[in-house]
Every structure is written in C-alpha cells, then in structure tokens.
Amino acid sequence: MNFQLTEEHLEVQKAAREFAQRELLPGVIERDDKQEFPYEQIKKMGELGFMGMMVSPEYNGGGMDTISYVLAMEEISKIDASASVCMSVNNSLVCWGLEKYGSEEQKQKYLKRLATGEIIGAFCLSEPEAGSDATSQRTTAEDKGDYYLLNGVKNWITNGSTASVYLVMAQTHPEKGHKGINCLIVEKGMEGFVVGKKEDKMGIRGSDTHSLMFTDVKVPKANRIGDDGFGFRFAMETLNGGRIGIAAQALGIASGAYELALKYSKERKAFGKFLHEHQAIQFKLAEMYAKIEAARLLIYKAAYLKDTKQDFALAAATAKLYASEIAQEVTTEAVQIHGGYGYVKEFHVERLMRDAKITQIYEGTSEVQKIVIARSLLK
C-alpha cells in the first residue's frame, strides 16, 4: 500500500485550495443568505478544468483520476458546498455517465461542452413519490417511433434552472418494472419542459435546487442513453460513482469546520487559558481529527478501486455513509467549540453544520447506504 500522493495530485489539491480561498470565500456568506447561485465562480471552475476532471481529453476533459477529483472536491467543499455539489453532479453523474454509456454522437454534442463548463448538466431521478425508492418512477416516456413523449415531475434537482442538459429517468414499459426505465437527454428549451419553483433549503442554499415539469415533451430516440430499458441500471451505476463525490464533499465540509475550530481554539481564551489548552477542547479536536482521517482513507480506497477498474460499489457506499455521518458530528462540535460565536454567520461554522446535513440524504440516504452495504455483505 502507498499512502503518498503523487506530485500531480498535490498540484491539483493546491490549485483547488487556492481557487477556493481566492474565488469562493469572498461573498460565500452573502450567497448563502440570499440563495444566490455562484455563476461567476462556476464559470471559472469550468475554465480551470474542475467541471470535467475525469473526462478524457478527447472530449475536452482533464483526463484525471478519481483521486484527483476527490482532492479537488474536498478543497472546494471546505469553503462552499453549494459550488461543490454543482461540480459533483456535473463530474460524477452527468459527464461520467455520458462518457461511459453515451453514444459517440451524444458525446460530441453534449459531453465536450459539459466537460469545459461551457454548459452544466443535471441528473433527474427523484420524484415527489420516488426518492429512496427509485424503482417507482411515475415520469413516463411513451415510445412514439422515432421519439419519446415525456410526461411527469422531478423533484430536488441540483442545477435545476442553470443546467442546459438534463439526464431524465422515465418509465417506458411499466409491465417490466425497473427494467422498463430509460434515461433520456433533455435539453432546456424543449417545448413542454418547465422549470418549477426553487426550493428554500436549510443548507447548500446557493445551490440551484428545483422541481421540473414535463408535459408532452418530444425527445428524439437519438437522445436515449443505452439500449431500451437500460435507464435504471444507468442510474444505479452512475450513483455508485456519485457517492464518492458526495463523500468527498462531506469530508471537505468536516475538515473545513475542523480547521476553523482548531484556529479559533488558538485565538480565544477562557478562564485565563487559550481554548486548546483545556483538555475538554483537546479531546474534541482529537476525536474530530480521527474521524476525518478515517473518512478520508475510506474515500481514497473507493476512489482507488474505481481508478483500477475494480468493484467499488461497497467501498463507495461505506465511504459515503461514514463521511456524511462524521460531517454532521464534526461540524456540530465545531459550533460547540466556537460557543456563542459559532451560532452566528460570520464565523462560517453554522453554515457548514447546515450544509453537512444534506450529505446524509442526497445521492442515497444513510439508510440506503446501509442497505447497499448489507446486501453486499450477505451475498
């Protein structure tokens, strides 16, 4: 085993850290407060290659490995999880799925622009009555010969109004259950496609989360990814990789909160001592550090398995479960260490605590991760 990052990995990590400090930190509290999408910052992330890191250079991507992506996700997430979730969806769910399973025509038409951040994508699986139970798709794609007629509603869609390309899961053959689901590429502006209200969320408030409505939207057959009925498998395999990205986001949120708490403990005095001189605070910091390091190693393992083309589903679910759980714990402790100051916005940790919660929910709740893990163990 080799736990040493390569020179290229360290360069990626440094570039992401510097970008986050320089471009994302200024205004992050205001964007969160006003629910403002970081348009300019996401555009710059695209220009720097952060929106298509793992895509082959053939399709304008960075051609990097998953470890590089994880390192960048952590650094971006330390500062602005609203920006990092946009980055995660575009990289893990949209670009990766298109490159692995899309046709050459689809890659030329969509992937090249997605990889550079010229446009961004959205992954549309969840519905009002189909969250964790992804097999219960009510959105339908009726086969009309050379096109599909798409009808239905999607919920909780990241990049909901800012995306230009949407990967939409829809049921074509109800009698076949999940084997009758297709994934269709829908473009913004198609007649009958309407972006609904923006959600007023507890955390990642700068993220663009909307409901989407489809009414008799004509989607060309050429926009179907894979064979007829491949949609559910496409969604599940894509989400396996997506979980590594969200685990890295959770890690970044936790490590960002820890770094702030450590810094504060060296600046603030209580009872005549700096906070870090009190054993109660030392123990908190030690536990926070240990949990973050454990999560980091689980994530690196999942990324390594993915890069070496081994089965990474179990490792990804484990990393996502643990990293999201400790993100909630670590950010809560960071607020506690800050005391009353931790409860006000200018010290950042209350926002990180709010942002941490969603990592336990989206791209598979903690309960779903336990199901995935248990099924793998009991095979």
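Two strands are said to pair if DSSP finds at least two bridges between them, where strands (E, at least two residues) and helices (H or I, at least four) are DSSP runs numbered from the N terminus. The structure is a predicted model, in which local features need pLDDT of at least 70 and side-chain atom pairs count only at pLDDT 80 or more, while totals for chains, interfaces and linings use all residues. Residues are numbered from 1 along each chain as its sequence is written, and side-chain values use heavy atoms, with hydrogens and water left out.

Strand 3 (residues 147-158) pairs with strand 2 (residues 140-143) in the antiparallel sense over four bridges, and E142 stands opposite L149 of strand 3. Three residues lie between the strands of this hairpin, in which G145 takes a positive phi near 100°. Strand 3 also pairs with strand 7, again in the antiparallel sense, over nine bridges, and the bridge partner of V153 in strand 7 is M213.

Strand 7 (residues 209-220) also holds H210, which is buried at a relative accessible area of 8% (buried means under 20%, exposed over 50% and partly exposed in between, with a 1.4 Å probe and protein chains only). Leaving aside neighbours within four places in sequence, H210 is in contact (heavy atoms within 4.5 Å) with residues including K154, N155, W156 and I157. K198 is another of the contacts of H210, and the backbone nitrogen of K198 is reached by the side chain of H210 at 3.5 Å.

Elsewhere, helix 8 (residues 279-307) contains L297, which counts as partly exposed at 44% relative accessibility.

How values were computed:
A polar contact is a pair of N or O atoms within 3.5 Å; within protein, one must be able to donate a hydrogen and the other to accept it, and residues adjacent in sequence count only if both atoms are side-chain atoms.
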